[in-house]
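Here is a short briefing to read with the model open beside you. Have a look at the structure, then work through the topics below.

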Amino acid sequence: WGRATWQPPGPLLPPCRPFSNNKILVELDESSGVATMKFKSPPVNSLSLDFLTEFCISLEKLENNRACRGVIFTSAVPRIFSSGLDITEMYGKSKEHYAEFWRAVQEMWLRLYGSNMVTVAAVNGSSPAGGCLIALSCDYRIMVENPKFSIGLNEAQLGIVAPFWFKDTFVNVVGHRVAECSLQLGSLHPAPEALRFGLVDELVAEEKLQEKAAAIMAQWLALPDHARQLTKSMMRKAVLDRLVSHREEDIENFISFISKESIQKSLCMYMEMLKKKK
Amino acid sequence: WGRATWQPPGPLLPPCRPFSNNKILVELDESSGVATMKFKSPPVNSLSLDFLTEFCISLEKLENNRACRGVIFTSAVPRIFSSGLDITEMYGKSKEHYAEFWRAVQEMWLRLYGSNMVTVAAVNGSSPAGGCLIALSCDYRIMVENPKFSIGLNEAQLGIVAPFWFKDTFVNVVGHRVAECSLQLGSLHPAPEALRFGLVDELVAEEKLQEKAAAIMAQWLALPDHARQLTKSMMRKAVLDRLVSHREEDIENFISFISKESIQKSLCMYMEMLKKKK
Amino acid sequence: WGRATWQPPGPLLPPCRPFSNNKILVELDESSGVATMKFKSPPVNSLSLDFLTEFCISLEKLENNRACRGVIFTSAVPRIFSSGLDITEMYGKSKEHYAEFWRAVQEMWLRLYGSNMVTVAAVNGSSPAGGCLIALSCDYRIMVENPKFSIGLNEAQLGIVAPFWFKDTFVNVVGHRVAECSLQLGSLHPAPEALRFGLVDELVAEEKLQEKAAAIMAQWLALPDHARQLTKSMMRKAVLDRLVSHREEDIENFISFISKESIQKSLCMYMEMLKKKK
């Protein structure tokens, strides 16, 4: 009752290295207060270090812009929302690189799951692993009703394990039982199944997606911001705080896990398989 | 396995100030062991300090009466179960008054959610905010199948925030995802939707409500009291203890939040709107 | 991300006393890596100290056998999966006996719920109380679609209370609300209702049960073991640790509860009722 909203731990430092600034198209409609962040990093909007840095900076700018009250996330690439973490960032790199990459993944989630703005995912394509995490971290998820599009935390299929805060976010959306089963099997749920399991909130025809997202956003923006923000913070604080207080440990875990020879071999085989698919 | 049942923290002190004793009609059928607490505080059974005091004293009397094993809560006012906390108790009063009022709200919930008796809500009208909390705190909820009657924790609509223990109670009933969405939107769910979301357990025609409530009560009373009480305590203890150990802090939070000029203005506007509606 | 899998607390000591070794038929198909543990302790596969000891030893052997990756649990006794804890172990015995028995119940659950193997319950008969716990502790539950077969934690019906870790396991499967209601009423859910509440994952005709269990097992074994095991451990660790850190206290609670005259009387009456039923 009236506590402060959740605050991400300190301001985002300006990135030390140069980064591309064209992987995400950001448009703000000042009349409605609604921004759109459109992922346009072909072929599959994978979450590279560059993409994540741009994501965080764009989101922080909107967060600090009083004219912006809500953000819709969608893809400019046909048939894919986001393919998740960029495997090339996790293969054959230095420990320093792994640390920097993982910190960027954490930062993306902390800012998105803890955002004071209304966040709506307009999922217009498949959305595995980290792509699914982006959708799960929003306030509302609309997906195109194409059964060829699927969504899920499929890390186990690659021989890796979703970190605890992916899991916590997933459990908060679908409950413990569905999460346990889906995470162990690394399931990618076709859109109709994703709806049945509560992984997304509704399905619409592709041509109605943006219109629907705007309507949902308007419904959420009809509420007074302050009460809604405090409520969101109350619901998500425990899970956000858990990562904040184990952040360095989580980075260490990631580095030691991803550096294992067996895991590097798994990722290599997976990348070979992806290449052959093309 | 065999722990003691949950105990409210100390006996309820006799109220220092006089209070009306006619806002709730209490009838005990000694043959069945079932009492009915019927709210009759027109126009909308709002939870004033008087109402809450009478509620706690009536419930305590039944709790200590060995002839009473279960309580059915219902309304004697047409079309409304309870409109929730009385806004006039939260507007333009002293800090001492806010503290006394909030302590009474806490006490009501601690006694009801932690009751050793079987508690059934027979929801025969709309039930926003604190009215919804009463229903959520019972063991079972039956609602009249009239889509004009709605139920929900709509605090966010008023620009205020449900306290953490309202939220905990809600999450225990509908799960994290439904609670997160419903609380942020301040949703009032029409009866059929309330059933779909698990906010109530079943719907019946208005003329069958009391009969159904009695049948459900009989089903619950068929179990040995002691085992049922220990089980209930096991399920609810964590959430009850959380308020008990943060009670004074919660009162301070309420006072500082409700004393804010912006919140007082919101409540004033809301009351004006209610007056115009009439 | 890459933590170690959950480990049961120390190796299982060889039982000090002799025990029968024919209550469970264990078959391992080395080609598929799938074992079957078939309960054959007529009349009702009750969980006696002998049965539990044999269960733990058999499970530990399979766990340590690298040729075994999954176990299917089913019954060789018609119409009953397992009737749960053997009441004769809890009636008119010494405190030492109660302690030994309860430790065996804990051990069974710690090993099964924390197993690194894929565990599938093929529930081909009724499964009350401890029998239900075995099913709940598996990764997946298939039940014969016979509405005469029921499943649930019905302890409250006997005047006793399911321990907190039965409850935790149940909540992880069906959620807080269903668990609260079902545990207080001591409900035994007929198969179709069990499916509706998520207590089991699917129903099949009795003649298709083993085939279905094998198909589900194959699906789970298609995943790399290590990632699946780490994921399972992440999902279940909190609940397993809770018993591990309160194990002695839980035994003390059981002994003092079960030794109560009123509880002994309840159990006696229940056994008389069972005898008359025959």
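What follows covers helix packing, chain interfaces and salt bridges.

This is a predicted model, in which local features need pLDDT of at least 70 and side-chain atom pairs count only at pLDDT 80 or more, while totals for chains, interfaces and linings use all residues. Residues are numbered from 1 along each chain as its sequence is written, chains are lettered from A and ligands numbered from 1 in the order in which they are written, and side-chain values use heavy atoms, with hydrogens and water left out.

**Helix packing in chain B**

- Helices here are DSSP runs of H or I with at least four residues, and strands are runs of E with at least two, numbered from the N terminus.
- Helix α1 (residues 49–63) of chain B packs against helix α2 (residues 95–113) of chain B at about 30°, with the axes 9 Å apart; axes are lines fitted to C-alpha atoms, for helices over the stretch in contact, and angles run from 0 to 180 degrees between N-to-C directions.
- α1(B) and α2(B) are therefore roughly parallel to each other (angles under 35 degrees count as roughly parallel, over 145 as roughly antiparallel, 65 to 115 as roughly perpendicular and the rest as oblique).
- Residues of α1(B) including L52(B), F55(B) and L59(B) meet residues of α2(B) including F101(B), A104(B) and M108(B), where contact means heavy atoms within 4.5 Å.
- By class, the contact of α1(B) with α2(B) has ten nonpolar, one polar and five charged residues; Ala, Val, Leu, Ile, Met, Phe, Trp, Tyr, Cys and Pro count as nonpolar, Asp, Glu, Lys and Arg as charged, and the others, Gly among them, as polar.
- Helix α3 (residues 129–137) of chain B and α4(B) pack at about 50°, with their axes 10 Å apart, and that makes α3(B) oblique to α4(B).
- G130(B), L133(B), L136(B) and S137(B) of α3(B) touch W165(B), F166(B), T169(B), F170(B) and V173(B) of α4(B), a contact with six nonpolar, three polar and no charged residues.
- Helix α4 (residues 164–174) of chain B also packs on helix α5 (residues 176–185) of chain B, at about 130° with the axes 7 Å apart, and these two are therefore oblique to each other.
- That contact is made by K167(B), F170(B), V171(B) and V174(B) of α4(B) with H176(B), V178(B), A179(B), S182(B) and L183(B) of α5(B).

**Interfaces of chain B**

- With chain A, 25 residues of chain B contact 22 residues of chain A.
- Chains B and A bury about 2300 Å² between them, 63% of it on carbon and sulfur atoms; buried area is the accessible area (1.4 Å probe) that two parts lose on being put together, summed over both.
- On the chain B side, V161(B), R177(B) and Q184(B) lose the most area to chain A, together 32% of what that side buries.
- With chain C, 22 residues of chain B contact 26 residues of chain C, and the buried area is about 2400 Å², of which carbon and sulfur atoms give 63%.

**Salt bridges**

- Over all chains, the whole structure has 48 salt bridges, each a side-chain nitrogen of Lys or Arg within 4 Å of a carboxyl oxygen of Asp or Glu.
- Two salt bridges join chain B and chain A; R177(B) forms one with D201(A), the closest N and O atoms being 2.9 Å apart.
- Two salt bridges also join chain B and chain C, and D201(B) pairs with R177(C), again with closest N and O atoms 2.9 Å apart.
- Within chain A, R236(A) and D139(A) meet in a salt bridge at 3.6 Å, N to O.
- R236(A) lies in helix α8 (residues 225–244) of chain A and D139(A) in the loop between α3 (129–136) and β9 (140–144) of chain A, so the pair ties together parts that are 97 residues apart in sequence.
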